Amino acid sequence: MARPMTMAEKILAAHAGLEEVEPGQLIECDLDLVLSNDVTAPIAIKEFEKIGTGTVFDPTKIALVPDHYVPNKDIKSAEQAKIVRDFAKKQGITHYYEVGCMGVEHALLPEQGVVGAGDLIIGADSHTCTYGALGAFATGVGSTDAGVGYATGKAWFKVPESILFNIEGELAPGVVGKDVILHIIGMIGVDGALYQAMEFTGSAIKSMSMEERMSISNMAIEAGGKAGLIEVDDITRAYLDGRTERPYTEYHPDADAVYAKVYDIDAADIVPTVSFPHLPSNTRPAAEARDIRIDQAVIGSCTNGRIEDMRQAAEVLRGRTVHPDVRCIVIPATQLVYRQCMEEGLTDVFLDANCAVSTPTCGPCLGGYMGILAAGERAIATTNRNFVGRMGDPTSEVYLSSPAVAAASAVLGHIGLPEDLD
Amino acid sequence: MKFKGTAHRYGRDVDTDVIIPARYLNTSDPAELAKHCLEDLDKEFVSKVQPGDIIVADENFGCGSSREHAPIAIKAAGVDVVIAKSFARIFYRNSINTGLAIMECPEAVDAISQGDTVSVDADAGVIVDETTGQTFTAQPFPPFIKEIIEAGGLINRTKAKLGK
């Protein structure tokens, strides 16, 4: 009988071919998927080529998603994207996504059924932890780890301790997954889960849509977390069934699994939340941020660029127009979300409100392009980081929020709530 | 590995966006990245850093993005070793994998001031503040991590394992 284990421990043990693992143990695991993008893949490819295997371990288990500076921002970005494209062709990579098919990687891969429950995934992108919402152990790594992953299909891990976040009760109307994760990061800090796996549970999580769960797992890294897992339930199964290209495996935590810490959170205590510059942990209730005037609103990203996020933003923007001093940029995260926005009439809502609607890209979230801030400018964004210079000039500021708060703020010209509009 | 240089002292949560801003991530050329190292935290850093210098910082150094451009930029700027109270997980991995020496030692960080001359014996884990004469011992690496460092990084270790 193996020791009682958490979700993270079970998935890692299974991929290391071990009956059990314990926190602190260093193990080598077989990977189900190795992901990288147009920023991280060029270095990964260079490192891969040094190893000398010539070919990748399995061309069906590598995902290459150019999304950060694509459609190409400039000549240098075009060269980077070309390295990735050429490599994908040469190696016969089946999960390469060209402009016109690509989306923001962490919205795209779940949507396309490339990732599923029980998978062990490394991605040369820190927000790879998003797939924890599907019941996978997914973690961000650097390009060298990805390059070794291309060659061998393996990676080394230190088995992390797990911490449990038990969110019980009902969220107030207008409070969404994004508010939950901002609340948690505000509570534990940007290194509150350093080297640890976060596991989210409780009735508030169990009644949440997959989109909201993905927003939560997506930002585990902003608390320093190695992964952000949510147990598979009927909502997960309804999302995965008929979608995943491989059979998936459910790993449920044992009732007596050991957690380094358990946080009990009352869902009713969570309010619409905004992270002030320059750390995601610098949170305040949105209701206390009304004096912050904004120049730009960005609605999109791997955190909040999915269809439900678009619907929440559109509901606020319907029949209204963006404040004349604000640029509002809406970026559906994938081609499918873009099409759904059109079919549901959301694109018309955005255009009627004077929003700019863009093809999928990470662009403004990391200060790449498509909405860079000038010195001293302020943006509210549904993205995940508000570090110094994150969206442009080092003196610009980013405030993080849910789609509804960002949309309301775009109309108001300052940070505010949807109810302020009536 | 032994290093000696001037300490550049920073606070906590030095994120990878300030280590190398994303506006420069349209290239992966180390020399190009080095020109902008720590630009959004300390505009003067690039002009004052000398080969062999040491970065000393508080908790959670390298938090944020997975960009390996961060340890690459630091190394290419001439810094041999980063001493911090703690490192963000991905940065820690990336440093080990790419051969940037890192050391966790809260006591040394508290004692070292901006501009101090610091010498480091990375293998023994010994840090000496030559300016004040104080000596510190860093957390030792687990044997598995040591193996990667001794192999000269993850690529070399992988090559050796595969017999390439």
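Me: Where is P173(A) found?
Reply: P173(A) sits in the loop between strand 8 (162–168) and helix 6 (177–188) of chain A. Helices (H or I, at least four residues) and strands (E, at least two) are DSSP runs numbered from the N terminus. This is a predicted model, where local features need pLDDT of at least 70 and side-chain atom pairs count only at pLDDT 80 or more, while totals for chains, interfaces and linings use all residues. Residues are numbered from 1 along each chain as its sequence is written, and chains are lettered from A and ligands numbered from 1 in the order in which they are written.

Me: Is P173(A) buried or exposed?
Reply: P173(A) counts as exposed, because it has 8 C-beta neighbours inside 10 Å. The cut-offs: buried is 20 or more other C-beta atoms within 10 Å of the residue's own, exposed is 12 or fewer, and partly exposed lies in between, with C-beta atoms placed from the backbone.

Me: Switching to sheets. What is the strand order in the five-strand open sheet of chain A?
Reply: The order is 4-3-2-5-6, and the pairing is parallel. Two strands pair if DSSP finds at least two bridges between them. Strand 4 (95–96) and strand 6 (137–140) of chain A are at the edges with a single partner strand each, so one side of each has no neighbour in the sheet.

Me: How many bridges do strand 2 and strand 5 of chain A pair over?
Reply: Four, in the parallel sense, between strand 2 (residues 33–37) and strand 5 (residues 120–124) of chain A. Within strand 5 of chain A, I122(A) is the residue that V34(A) stands opposite.

Me: What about the open sheet of four strands in chain A, which order does it have?
Reply: That one runs 10-9-8-11, again with parallel pairing. Its edge strands are strand 10 (227–230) and strand 11 (261–266) of chain A, each pairing on one side only. From one strand to the next the twist averages 20°. Strand 9 (residues 197–201) of chain A is joined to strand 10 of chain A by four bridges, and F200(A) stands opposite I230(A).

Me: Which helix packs on that sheet?
Reply: Helix 1 (residues 7–16) of chain A, which touches strand 8, strand 9 and strand 10 of chain A; its direction makes about 105° with that of strand 10 of chain A. Axes are lines fitted to C-alpha atoms, for helices over the stretch in contact, and angles run from 0 to 180 degrees between N-to-C directions.

Me: Now the interface. How many residues of chain B are in contact with chain A?
Reply: 36 residues of chain B, against 44 residues of chain A. Contact is defined by C-beta atoms, placed from the backbone, lying within 7 Å. On the chain B side, the largest share, six residues, comes from helix 5 of chain B. By class that side has 12 nonpolar, 12 polar and 12 charged residues. Ala, Val, Leu, Ile, Met, Phe, Trp, Tyr, Cys and Pro count as nonpolar, Asp, Glu, Lys and Arg as charged, and the others, Gly among them, as polar.

Me: At what angle do helix 2 of chain A and helix 8 of chain B pack?
Reply: About 35°, with the axes of helix 2 (residues 41–51) of chain A and helix 8 (residues 154–162) of chain B 9 Å apart. E47(A), K50(A) and I51(A) meet I155(B), T158(B), K159(B) and L162(B) there.

Me: How is helix 7 of chain B set against helix 8 of chain B?
Reply: Helix 7 (residues 143–151) of chain B packs on helix 8 of chain B at about 95°, with axes 7 Å apart. That makes the two roughly perpendicular. Angles under 35 degrees count as roughly parallel, over 145 as roughly antiparallel, 65 to 115 as roughly perpendicular and the rest as oblique.

Me: Last one: how many residues of helix 4 of chain B are buried?
Reply: Seven of its eight, so the helix is mostly covered.

Methods
Contact = placed C-beta atoms within 7 Å.
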